[in-house]
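Biologist: I've got a protein model open and I'd like to learn how to read it. Could you walk me through some features, one at a time?

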Amino acid sequence: MADKFLSFSKTGSGSLQNVYTVPEGDEGAVPPIFPTTALVKSIRISNPTGGAVTTKVLMVDSSNTNLSINLYQDSLAAETTQEVLSQPIVLEKLDKIDITGNGVTILVSLMEIALA
């Protein structure tokens with residue numbers, strides 16, 4: 001299986017929402033689904049609303065008792081865009097990116113690497 005470049009977007013709400021979860025894989029499936037690692041290149045958030053919105057972007061590490069790591073937590077001003085990452089991050093199977101922020105949009109750009 002070839003590596004895939006993907007992007008995922010979502011509009012946040014007042015509650016925590018999942019944007020992306022690394023596929024777990026199932027090598028017994030026909031055809032097999034191989035475990036995947038994701039290299040996250042960019043996470044951009046924007047606030048198209050008329051006022052500032054408290055926003056949080058989390059990375060959840062599933063291999064460490066679902067440890068949540070704050071990638072961004074701040075008030076995002078109206079009509080602004082913010083890059084969350086200064087360096088790429090690596091996600092392993094079942095790790096995920098979540099967002100909260102009413103009306104805030106998020107774009108996650110990444111490469112999935114199949115471990116065949």
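This is a predicted model: local features need pLDDT of at least 70, side-chain atom pairs count only at pLDDT 80 or more; totals for chains, interfaces and linings use all residues.

Biologist: How do I read an aromatic pair?

Modeller: A pair of aromatic rings is described by the distance of the centres and the angle of the planes. Rings of Phe, Tyr and Trp (its six-membered ring) pair if their centres lie within 6.5 Å; planes under 30 degrees apart count as stacked, over 60 as edge-to-face and the rest as tilted. Here the rings of Phe8 and Tyr20 have centres 4.7 Å apart and planes at 40°, so the pair is tilted.

Biologist: Where do Phe8 and Tyr20 lie?

Modeller: Phe8 lies in strand 1 (residues 4-11) and Tyr20 in strand 2 (residues 17-21), so the pair ties together parts that are 12 residues apart in sequence. Strands here are DSSP runs (E, at least two residues), numbered from the N terminus.

Biologist: Now charges. How many salt bridges are there?

Modeller: Side chains of opposite charge can pair when their charged atoms come close. The rule for a salt bridge is a side-chain nitrogen of Lys or Arg within 4 Å of a carboxyl oxygen of Asp or Glu. By this rule there are two. One joins the side chains of Glu112 and Lys4, at 3.6 Å from N to O. That pair links distant parts of the chain, with Glu112 in strand 9 (residues 105-114) and Lys4 in strand 1, 108 residues apart. Glu112 counts as buried at 8% relative accessibility, whereas Lys4, at 38%, is partly exposed.

Biologist: And Glu83, which residue does its side chain meet in a salt bridge?

Modeller: Arg44, again at 3.6 Å from N to O. Glu83 sits in strand 6 (residues 80-83) and Arg44 in strand 3 (residues 36-47), so this pair ties together parts 39 residues apart in sequence.

Biologist: What about the greasy residues?

Modeller: In soluble globular proteins, nonpolar side chains tend to be buried together. A nonpolar core is a set of buried Ala, Val, Leu, Ile, Met, Phe, Trp, Tyr and Cys residues joined through side-chain atoms within 4.5 Å. The largest one here has 22 residues, and those with the most contacts inside it are Ile43, Ile45, Val57, Leu91, Ile97 and Ile106.

Biologist: Which strand gives the largest share of this core?

Modeller: Strand 3, with four residues.

Biologist: Last one: how do strands pair up?

Modeller: Two strands pair if DSSP finds at least two bridges between them. Strand 4 (residues 53-61) and strand 5 (residues 67-76) do this in the antiparallel sense, over nine bridges. Look for Val53, which stands opposite Leu76 in strand 5. Strands 4 and 5 form a hairpin with five residues between them, and Thr65 in the turn has a positive phi of about 50°.

Notes
Residues are numbered from 1 along each chain as its sequence is written. Side-chain values use heavy atoms; hydrogens and water are left out. Buried means under 20% relative accessible area, exposed over 50%, partly exposed in between (1.4 Å probe, protein chains only).
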